[in-house]
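This briefing sets out selected features of the structure shown below, grouped by topic. It begins with the convention behind the element names and then turns to confidence, annotated domains, helix packing and backbone geometry.

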Amino acid sequence: MAALRSYVNGDWHTPTEDGVPLHDAVTGEEVARVSSAGVDMAAALEHGRTRGGPALAELTFHQRAALLKSLASYLREHRDELYALSARTGATLGDSKFDVDGGIGVLFGYSSKGRRELPNSTVYVDGAVEPLGKGGTFVGQHVCTPLRGVAVQINAFNFPVWGPLEKFAPAFLAGVPSLVKPASQTAYLTHRLVELMIGSGLLPEGSLQLVCGSVGDLFEHLTDQDLVSFTGSAATGQRLRTHPVVAANSVRFNVEADSLNCSVLGPDAEPGSAEFDLFVKQLVTEMTVKAGQKCTAIRRALVPAARVDDVIAAAKARLEEVVVGNPANPEVRMGALASLEQREEVRRSLKALLEAGTLVHGDPDHVDVVDADPERGAFLSPLLVRCDDPDQPQPHEVEAFGPVSTVMPYDSTEHAVELARRGKGSLAGSVVTADREFAREVVLGAASRHGRMLVLNSDDAAESTGHGSPLPALVHGGPGRAGGGEEMGGVRGVLHHMQRTAVQADPATLTAITGQWVPGSPRTTTDVHPFRKHLEDLRIGDTVVAGPRRVTEEDVAHFAEFTGDTFYAHTDEEAARANPFFDGKVAHGYLVVSFAAGLFVDPDPGPVLANYGLENLRFLTPTYPGDELTVTMTAKQITPRVGAEHGEVRWDVDVTNQDGASVAKYDVLTLVAKRPENQE
Ligand code: NDP
């Protein structure tokens, strides 16, 4: 059997030794061999830094996002092939979809986030401009730029597709090349995934590399610009995090490790209620999906003391229906563990759990399987443990990484919170209840030890993605035992790969650096109204100044009657005077905004297609009848849309009165057409 090749330095590298055999989890047959012998780790890192990084740096966030989308579509066309290999890891078709489709979903998710929430440029501006001097000549703003190193991604065996894609997508979007190191046990599936990704021809050379087998001396060559994202056991995470080179160079290190996730049944959920059924169903799902080899699976089921018998009886009834065996058989609900070694590991952990409890379902040494040899394949029965003394340490400390959960009683809300916290840091927790006060107390009480918390009840069950599903838009990771890291979480996950720098400068220089107009920078006013300019012709700082327009008492009365907004401050002189903020009747804020629009628009058909919103609107000074309004509107940010016939323009609007005081400030968002010859 040939050893898996690594993809490094722009080429597929065949190991210089036979490698260690990897076995089919179902049949025990050899699937592949793995070794990284002969891979020059220092050169691979350097290739990422000198080829991949610069190639990605040339692309804007939107261009990278578009590539992620194309890549996701390409992989979707090759799903069946990935499912077939995934079955060899012991996964059922449902499990494979979780892994493969889930991973592709992360690419789509990041593509969409990138296009919507990141600018079409290479710099991410983080937060507002901070005035640093009274005269407005000295300001500050935070910018994020990609690290100029490699994102080393060390993955666990349980999600050979989702795991690497979950780390690759935000790194790629940030502009940082990835070096993927799959767990050896299931590396053949990640290997095929990377073959497809490289074969797609979509990715700039150097933006993705693969090392199958050990990382060798890679850590010796890490610099301050590289980062490591690790998923696996706490022990390995700790060893790698304390590597002297990591410490000496302050290498960013994200760990996602062991997690004893809990699910809490609310005291309101009586047997027969929707929440009771949801709790039991979710518990069994989490035990059996991926044969319980999920970092987010429920290990601890916390149940009101009076309901323990009912929950166990209902869970047993469901577990009895679970057919274990060869995933190729469509009847099979639960496949095999990833390897025989993993099964031994789970049996050992179960023994430790049974020091504090009793086994109420399943037999660790025997399981009926369909279409497979129960000894050659890594099959294991679902195993449910009952622990009547939840103050024992074992259920809160021993993670049996397989189809194993422990049911425990709690006495009060405080007790439930205390037990939830005993996991000492978890990736995911859930509370199944229709009692919102209970949900609030458990979520807020346990949140500081959780990365994610799901409240499940009959209101959200139909749409809920479930306890065990990390989502690209939400943070995945957890404190303490879970490693203390954070992955995904939308744009947050991208920013983990970037350096945030506080830039202090004068407004014009800050505008030049960020590409976004900063108040205080020069404005350009010409005879051509900015609304007459196509996207390519518009420049940051292009300005229209219009007015003044006098606001009359009749205007205010008419606006009140016309819109129905007859709030006393606009209609009742005496009442308005009694208001501490006004010296009499004031114009409506919306009248000010409407008059401003009437002043700044250029009415004829032209490149401006639509106004799609206002942001950051603040009314700063009251407008009284007799006041005169002037509006200054300046192009602040210009965002061409990749593959579209238009782009977005953000305008800074400042409405001032006859004294020069700002009456209202806001951003207007418009869609502006590209020149006809550039429309795709
Ligand atoms: P490991 O920690 O052994 O391996 C995780 C990854 O680290 C693998 O890619 C592994 O590669 C790599 N690795 C191991 N040693 C080193 C090293 N010295 N230098 C660099 N890389 C190294 O965990 P497993 O995958 O074997 O899983 C074991 C346990 O981890 C599970 O039983 C479970 O408790 C926990 N786990 C937690 C997960 C989570 O997301 N929270 C997910 C999966 C597992 P190789 O395979 O080549 O050794």
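Strands are DSSP runs of E with at least two residues, helices are runs of H or I with at least four, and both are numbered from the N terminus. Under that convention, Pro548 belongs to strand β24, which covers residues 543-550. The model is predicted, and the points below should be read accordingly.

**Confidence**

- The protein chain has an average pLDDT of 96, and 100% of its residues score at least 70.
- For the complex, the predictor reports an ipTM of 0.92 and a pTM of 0.92.

**Annotated domains**

- An unreviewed UniProt entry assigns the feature "domain: Aldehyde dehydrogenase" to residues 16-443. In the model, residues 16-443 are 40% helix and 20% strand, with the end C-alpha atoms 53 Å apart.
- The UniProt annotation "domain: MaoC-like", also from an unreviewed entry, covers residues 540-650. Residues 540-650 are 30% helix and 34% strand, and a distance of 10 Å separates the end C-alpha atoms.

**Helix packing: α3 with α6**

- Helix α3 (residues 79-87) packs against helix α6 (residues 187-199) at an angle of about 165 degrees, the axes being 9 Å apart.
- Angles over 145 degrees count as roughly antiparallel, and α3 and α6 are therefore roughly antiparallel to each other. Their crossing is right-handed.
- From α3, the residues Leu82, Leu85 and Ser86 meet Tyr188, Leu189, Arg192 and Leu193 of α6. This contact of α3 with α6 comprises 5 nonpolar, 1 polar and 1 charged residues.

**Helix packing: α4 with α5**

- Helix α4 (residues 93-117) and helix α5 (residues 162-174) cross at roughly 15 degrees, and their axes come within 8 Å.
- That angle makes α4 roughly parallel to α5, since angles under 35 degrees are classed in this way. The crossing of α4 and α5 is right-handed.
- On the α4 side, the contact residues are Asp99, Gly102, Gly103, Val106, Leu107, Tyr110 and Gly114; they meet Trp162, Leu165, Glu166, Ala169, Pro170 and Leu173 in α5. By class, the contact of α4 with α5 has 8 nonpolar, 3 polar and 2 charged residues.

**Helix packing: α9 with α10**

- Helix α9 (residues 274-288) and helix α10 (residues 308-320) pack with their axes 9 Å apart, at an angle of about 50 degrees.
- α9 and α10 are therefore oblique to each other, and α9 passes α10 in a right-handed crossing.
- Val280, Lys281, Leu283 and Val284 of α9 are in contact with Val311, Ala314, Ala315, Arg318 and Leu319 of α10. The residues of the contact of α9 with α10 are 7 nonpolar, no polar and 2 charged.

**Backbone geometry**

- Gly547 and Pro548 are joined by a cis peptide bond, with omega about 0 degrees. Pro548 lies in strand β24 (residues 543-550), and the MaoC-like annotation from UniProt covers residues 540-650.
- Asn9 is not a glycine, yet its phi is positive, at about 50 degrees. Asn9 is located in the loop between β1 (6-8) and β2 (11-13).

Notes
Residues numbered from 1 in each chain as written. Predicted model: local features only at pLDDT ≥ 70, side-chain atom pairs only at ≥ 80, totals over all residues. Axes fitted to C-alpha atoms, helices over the stretch in contact; angles between N-to-C directions. Parallel < 35°, antiparallel > 145°, perpendicular 65-115°, else oblique. Left-handed = near helix turned anticlockwise from the far one by under 90°. Contact = placed C-beta atoms within 7 Å. Nonpolar A, V, L, I, M, F, W, Y, C, P; charged D, E, K, R; others polar. pLDDT = per-residue confidence, 0-100. UniProt positions renumbered as here; feature names shortened; annotations may be inferred.
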